[in-house]
Amino acid sequence: MSEKILEAKNIIKDFPGTRALDDVDFDLLRGEVHSVIGENGAGKSTLMKIICGDFIKTSGQIIIEGKETEIKNPTDSLNLGIRMIYQELENLQKLSVAENIFLGKLPKQKKLPFILNSKKLSNDSLKILNELNLDIKPREKLSNLSVGAQQLVEVAKALSANLKILIMDEPTSSLNQKETEQLFKIIEKLKNQGISIIYISHRLKEVIDVSDRISILRDGRKVGTYEKKDFKEDEIIKLMIGKSLKTAGKQNYSSDEVVMSIKDLNINKKIYNFSMELKKGEILGISGLAGSGKEELMKSFFGLWPSRSEKILVYGQAVNLKNPKNALKKGIVYLPEERKLQSLFLELPIRYNFSVLWIHRIYRKFFIAAKNEKNIIAEYIEKLRVKASNAEYMVSSLSGGNQQKVIISRLLMISPNIIILNDPTRGVDIGSKEEIHNIISGLAKSGASIIFSSSEIPEVCNVSNRVLVLSRGRLISEFKDSDVNVDNIITAATKADVKR
Amino acid sequence: MGKSIIKNLFKKQAVLMVFIFLFIIFAFFVPSFFSARNLINILKQSAILGIVACGLTFPVIAGNVDLSVGSIVSLCGVVALSLSYQSIWLAIFIPIVLAVIIGLINGFIVTKFNANSVIITLGSLAVIRGLALIYTGGKMVEGSDASKFILIGRSLIGGVPAYIFIFIIIAVILGIVLNFTTLGRFVYHIGSNIEAGKIAGINIDNIRIYTFIISAVASALAAIILSSRLYTASPLTGNGYEFDAVAAIVVGGSSLFGGKGNIYRTVIGIFFIVMVINAMILLNLPVAFQYIAKAVIIVVAVWLDIRTSRVII
Amino acid sequence: MEKIEKKKIFDFINNQKIFLILIALVIILSLSNRLFLTYENIINILFQIVLTGIIAIGMTFIIIGGDFDLSVGANMALAATVLVILEKYGLAVSIIGAILVSSLVGLISGVFVTKLKINAFVTTLAMMIFLKGWVLLLTNSQTIQGQSDTILKLGYGTVFKVPFSVIIFLVLYIVFGLVLSKTIWGRNIYAVGNNSKAAHFFGISIAKTKILAFTLVGFFCGISGVILVSRLNTASATYGNDTALDAITAVLLGGTSLSGGEGSVFKTFQGVLLLGVLSNAMIVLNITPYLQQVIKGLILIIILSIDSYYVKVNKFK
C-alpha cells in the first residue's frame, strides 16, 4: 500500500503567453485516494490532461511504477492503465449499458472471432456491476438511466480494462444522495483492490471525507500536501485561495434606486427560492462553489436557462426573461464564460463581431450604413484600447484579451442598463484583466448596474460592492462593503455544504 | 497573424486566378471559344443558372442547402407560361408568390423540426416536381403568342439579351442584401456560430426561413426568364440545376459548412463551370464528360476548402 | 406496479408502431379489395420492392453509422450497364463484374468520406453525378440492350412460384440483419454512429468500419443492378433516379433515426414492406404516377420531421 505508482516531478506546462503549471510535483501511492483541489485556473485539469495524454508536458518527468515514461497521447495512458472519468459524459447514449462498458473490447465467440459473444458480454457486465453493487441491468439502454447512474456506469467501464489509476473529475456533480453513497462504497472497493484514485472536486467536505491525501494547487504551483491526520479545513481553504486582496480603495457608486428585483426564482433541481434586488450603479457579485447553481442562475438572468419566478421587475415593469431577445429588449446584456463557443464568430471579420448587437438594437435600419458602423467601432477601439489594426480581418487573428475586449465593446455599444458578466477575465492576461476591472468600475460610475461572477473568489471580492453567496441552490449569505472578503465568502459557501 | 491575413487574401483570389488562367488557355486552344458569339453564349447560360445559384448562396452561408431549386424552376416555369394567356402580370406575380410559399414551408420544416435540410429539400424536390407534372399532365406548355411575356426573355439591349442585365441587377441586389443589410449580416452570423447568435438575440429561425424564401424566389425569377426565352416549358426543366448551383457555390470558394461565402464568389463559380462546359461542347466531347467534370470540380473544391479551412477550437 | 406495467405496454406499442401500422394497412386494404391478400398480389408487391429493398439494407448500415448515400441509384445503373456490356463474355463473368464494379465504387466513396474527410453529402452527391456521366458514356446516352436473353430466365424464374429475386431479397435480409446485430463490425457501426469520438478513443477504427459499410452498399447496388437487368435486359442512365430517395424513405419509415446510432435491418424490412404496400395501394386506387411521386415526397418529409423533432426534444434531458 505504500508503493508509489505514479510520480510527476518538476512538471512545467507552458502555453503561448502563460505558464499553466510551474514546477509541480505530485505522487500517488498504490491503493490511495489522493485529491487535487484548487480554484479554476489553478492547473488541476492541466495536470490531469498531461497524465492522460491529452496534453504534452513542456518539461519534467513522469514515472509509472518506478519506470520513467513518456505519455504522448491518450492511447499511451490507456495502455498504462490510467483512466479518466470526465464531468461531461462521453458515452453511447443509444446503446446498452453492457456495450458501453465494453466499448472497443466486445467479447468475441471462440470459434468465430468476428461474431459478438452476447452471453459473455451480458455476464461480464453483470459481474462488474455486481462487484460495484450497482442495481443496473446490462441490457438497459443507457439513455434510460439517470445522469448519475450513467456516471456510475462510466466507473464500471473503467474497471473493464487493466485499471491502475482512476482519475475522477467532479464525480458527484450529477449524483444524488444515494448515488454518491454508492460511489464512495465503490471507491473503497477499488482501494482494496489496489487501484489508486485521483479525486478532483470543489466540494471540500467530500474531499476531506474520502481522501487519504490532499494536494492543493494555486496559480499553477503546488502549495501544499496534507495527510489525512493533518486535514484542517480552514488551513486548506486559505492555501487554495491565497492572500485576500485588498478591497480598500474600491469605489461604491450604488444609489438607492432599484433597477431589477427578483422574487422567488426557481430553477428545476438547481436553484430554490432565490430573491434579490439590484441597485443602480452597483456591482453585485454572485459567488458559490461548483454545484451551487451559480452558473444556471447567471444564465437564467438572460433567458439562457429555464426558470420560474414569482415576479421579475426591471425598472418597475414586470418582465418575462425567457430568452435573450426579451432580455436585450429590457436593456440587459450578457457576457458568456466561453467566448470561443458562445460569443465569437471566429471566421467573420472583427467588424461583424463588434456590431452584431448594435445593428439590430440601436441602429435598427434594414440597410447598414458603412460610415456609421465604422465610426462607432472606432469609438470603442479607442475607448477600450483594443489592438486590432484592420477590422476586416477575421476575429480569430486577435489575442484572447483583445477578443474579450471586442465582446465587451459589443455589449457596451448598445448602452445597456444591466450588464451580466460571467467570468469576464477567464483566459485573459494580467494587463487586460486590470483594464477590464477598470472598465467595469467606470460603467458603474456612469450608472449601469452590474451582476458579476468569477471563478476566482478574490476577483469577486476585488470588484464587487456587494456579494450574494449561494450554496446548494440557496442564497446563504449577503456581504456588503468591508464585509466583502474571501474568508467570509468561503465560510458561507462551504458552511451549508451538508448532505441532505 | 500576418500569415493568416495573406492566406485569406490568396484564397479569396485563388478561384479568380484559376478562372483567368483557364480562360486564357481556352481562348488559345479551343476553337471558336474567343468569339463574340460564344462569349455571349456563356453569358446567356450563366445568367439563368447564376440567378438560381445566387439565391442558393443564402441558405448555404446559413449552413443549410436547398436542393429543391431545380424543381421550383420547373413548376414556376410551367405556371408562368400557362398564365401568359391571362396576363403578363399574373405570369410574373403568381410564380413568385408560389415560390414564397414553398420557401416558407421548406424553411419552416427545417427550422422548427431541426431537420436535415438535404433530405427535406430532396423530399420537396419530389413533391414539387410531382405537382408540376400533375399541373401540366406531363406535357410541355407553350406560351401565348398574343402575350408580351415573350419580351422578358427575348428582347435585346444593344445586341445583348436583356435578361443578362436582369441577372446582373439581381446579383447586385442580392449582394447588397448579403453585405449591407441586417438580414444578410445575420445570415453570416448564424452560419458561423449558432450558439453565439442566439445569445446575441438573433432570431435564428426567422433568418433561416428568409434564406429559403430568397432561394426559392430566385429560382422563380430564373424560371420566368427561362420560360420566356424558350417559350416552352416542361415539368422536367431545371432538372439538375440544384447540383450546378451547389457546384458553382462550392467552386467559388464558399463553404458548405456555413459562415463563409458571398455573391461575388458564387458568380465566379458559375462562370467557371459554364465556361468549362462550354469548352467541352466546343471540343465536341460527349455530354457524359460534363457530368464527370462537374463531379471532379466539386470534390476538388470541397477538399481544398476543408484543407485550408475552419478555425478549429 | 401498475404504473410500470402501463409504461412497459406503452413502450412496447411505441416500438412496434410501424409493424402495427403495416398490419392495420393490410387489414384495411384486404377488406376493401378482395384481391389484395392473395398469394399473387403479395408476391407481386414483394417483386416490386426488391430493388429498393435490397439497397435499403445497405442504406441502414450507412445511416446507423451517421451518414447517408445519395449515389445508390446511379451505382445501380452502373452495375446494370456493366452487366449488359459484359453479357457477351458469359453470364457469370458479367454478373460478377457488375457486382465488383459497384462494390469498388462504394469503397471509393467510403475512402473519400473517411480519409479525405469530405462529408457524406458532398461525396455521394459528387459520386452520383460522376457515375451518371460514366453511365452516359458507356451507354452512349441510349438505352442499351443485352446480347443474350439467358438472364431473363433468372429474372422470371421461380421456386415454388416465388421469384428468384424475392428469395435473394429475403435471404439477404436475414443474413445481413444478423451481420448488423451480431458481428463485432456491426456493433462497431452502432458505436461510431453514437459517438465517433469515444469509439475512436477506445480503439475502433472509424475508417475501417465506414469503408466496409460503404463498400457493402455498393455491393447491394450491384446485386440490385443485376436483378434489374434480369427483368429487362436493358440498361440506361435514367435507371435509379428515385432509388436513393426511396431507400432513405424506407429506412426512416422503419423507425431508424437519421441521427444515427440506432435502428436495425429488421426495422428497415418493415419500412420497405410498408412502402411496398403503400405503392401497391396507390396503384389499386388508381392514383396517377405523378401524384404518387408527390405522396412519396410527402412521406419522406413527414417521417423525417417526426424523427428530427423527436431528436430535438430529447436532446435537452
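This is a predicted model: local features need pLDDT of at least 70, side-chain atom pairs count only at pLDDT 80 or more; totals for chains, interfaces and linings use all residues.
A residue is counted as buried if 20 or more other C-beta atoms lie within 10 Å of its own.

Helix α9 of chain C spans residues 184–194 and is mostly covered. Of its 11 residues, 9 are buried. These are G186(C), R187(C), N188(C), I189(C), Y190(C), A191(C), V192(C), G193(C) and N194(C). The cover comes in part from another chain: it includes α3 (97–101) of chain A. Chain C itself contributes α3 (39–64), α8 (164–182), α10 (196–201) and α11.

Helix α8 of chain B covers residues 182–192. Here 9 of the 11 residues are buried, so the helix is largely enclosed by the rest of the structure. The buried positions are G184(B), R185(B), F186(B), V187(B), Y188(B), H189(B), I190(B), G191(B) and S192(B). They pack against α12 (350–355) and α13 (358–363) of chain A. Within chain B, their partners are α2, α7 (162–180), α9 (194–199) and α10 (204–230).

Two loop residues have positive phi values. N233(C) is not a glycine, yet its phi is about 55°. N233(C) sits in the loop between α11 (206–232) and β4 (234–235) of chain C. N233(C) is buried, because 21 other C-beta atoms lie within 10 Å and the cut-off is 20 or more.

S32(B), also a residue other than glycine, has a phi near 65°. S32(B) lies in the loop between α1 (2–29) and α2 (36–61) of chain B. S32(B) counts as exposed because it has 10 C-beta neighbours inside 10 Å, and the limit for exposure is 12 or fewer.

Terms used:
Residues are numbered from 1 along each chain as its sequence is written. Chains are lettered from A and ligands numbered from 1 in the order in which they are written. Helices (H or I, at least four residues) and strands (E, at least two) are DSSP runs, numbered from the N terminus. Two residues are in contact if their C-beta atoms, placed from the backbone, lie within 7 Å.
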